[in-house]
Amino acid sequence: MRDNDLDSIKKKLSKKLKKDRYNHVVAVSYIAAALAMRYGYNIKKAEAAGLVHDCAKAYKTKKFIPMAEKFGIEYNEIERRNPQLLHAKLGAYFAKKDFEITDPEILDSIIYHTTGRPNMTLLDKIVFVADYIEPGRYKQKRLQEIREMAFNDLDESIRMILSDTLEHLQSKKYAINPITEETYNFYVGEKH
Ligand code: DGI
Ligand code: FE
Ligand code: FE
């Protein structure tokens, strides 16, 4: 991943995404870079993953199910009823098709950025956490604490994020994706 590649990804994204969403992905990319520095991961790959993680949000949510059908992307009952969840899987598809990203580690980190997954790779963790803590976020509780923890103990920050997210989803009575629950059980249920 060269600087050139990152510049061309940014340029494309700035044309496809609304301004707020573009600002968000740039912020995630820089926080992902900072976490990569802290935990010893390839900085450019982290930046690229951060930039493209929400690229499917260039499209309207009502197009997600038809697009998944068309591209042969499988979805479960929860995703059918909450199609916004599909922006993660669709994002990996568009990252490959429109942004020429072929690195499986980057593509996986996009697929799992919303729900996490058991036994996440370091890049999965970096993108998952960066998405939650980027400077533009303000709605979640104990953000300051989680932001500090992200740079002290990445896994502990993941446990905090998963606990808060599950609690939030339950309080709103949102349907929980089985993989969100599996991730929660893996990281919070048992200690890792
Ligand atoms: O795309 P972003 O807004 O940057 O962030 P994201 O991809 O992490 O999506 C965040 C939203 O996804 C947040 O409102 C919580 C929601 N979410 C995460 N897991 C689940 C979920 N929503 C439902 N219904 N079920 C889940 O399991
Ligand atoms: Fe997202
Ligand atoms: Fe995001």
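What spacing do the donors of the iron ion (ligand 2) follow along the chain? The spacing is D-x32-H-x25-H. This report starts from that pattern. The model is predicted.

## First iron site: ligand 2

Three residues supply the protein donors of the iron ion (ligand 2). They are D54 through OD, H87 through NE2 and H113 through NE2. These donors lie 2.1 to 2.2 Å from the ion.

Two of these residues, D54 and H113, link distant parts of the chain. D54 sits in the loop between α3 (43–52) and α4 (64–71). H113 sits in the loop between α7 (104–111) and α8 (122–133). The two are 59 residues apart. Both D54 and H113 are buried.

The iron ion (ligand 3) has its own set of donors. H24 (NE2), H53 (NE2), D54 (OD) and D131 (OD) coordinate this ion, at 2.2 to 2.3 Å. In sequence, the donor residues are spaced H-x28-H-D-x76-D.

Here too, a pair joins distant parts of the chain. H24 belongs to helix α2, while H53 is in the loop between α3 and α4. They are 29 residues apart.

Are H24 and H53 buried or exposed? Buried means under 20% relative accessible area. H24 has 7% relative accessibility, so H24 counts as buried. H53 is at 0%, so H53 counts as buried too.

## The bridge between the ions

Which residue coordinates both iron ions? D54 does. This residue bridges ligand 2 and ligand 3, which lie 3.5 Å apart.

## Around ligand 1

Ligand 1 is surrounded by 16 residues. The closest are T114, R137, A175, N177 and T180.

One contact involves the side chain of H113, where an N or O atom is 2.9 Å from an oxygen of the ligand. The side chain of R137 has an N or O atom 2.9 Å from an oxygen atom of ligand 1. N177 uses its backbone instead: a polar backbone atom there is 2.8 Å from a ligand oxygen.

## The largest pocket

The largest pocket has a volume of about 1,400 Å³. Its lining holds 36 residues. Closest to the centre are Y132, R137, Q140, T165 and H168. R137 is also among the residues closest to ligand 1.

Which elements give two or more residues to this lining? They are α2 (19–39), α8 and α10 (154–171). Helix α10 gives the most, with 8 residues. By type, the lining divides into 10 nonpolar, 14 polar and 12 charged residues.

## The second largest pocket

The second largest pocket has a volume of about 250 Å³. K16, L17, K18, R21, K57, A58, Y59, K60, T61, F64 and Q84 line this pocket. They divide into 4 nonpolar, 2 polar and 5 charged residues.

Q84 is one of these lining residues. Its place is in the loop between α5 (77–81) and α6 (87–99). Q84 has a relative accessible area of 40%, so this residue is partly exposed. Q84 and K63 are 21 residues apart along the chain. Their C-alpha atoms are separated by 9.9 Å.

Conventions:
Residues numbered from 1 in each chain as written. Chains lettered and ligands numbered in written order. Predicted model: local features only at pLDDT ≥ 70, side-chain atom pairs only at ≥ 80, totals over all residues. Heavy atoms only, no water. Donors = N, O, S within 2.8 Å, 3.2 Å for Na, K, Ca; no water. Helix = DSSP H or I, 4+ residues; strand = E, 2+ residues; numbered from the N terminus. Buried < 20%, exposed > 50% of the residue type's maximum accessible area, 1.4 Å probe, protein only. 1 Å grid on protein atoms, 1.4 Å probe; cavity = no way out; pocket = protein on both sides within 12 Å on 5 of 7 lines; lining within 4 Å. Points joined across faces, edges and corners; volume = space filled by probe spheres on them. Nonpolar A, V, L, I, M, F, W, Y, C, P; charged D, E, K, R; others polar. Near = heavy atom within 4 Å. Polar contact = N/O pair within 3.5 Å; in protein donor to acceptor, adjacent residues only side chain to side chain.
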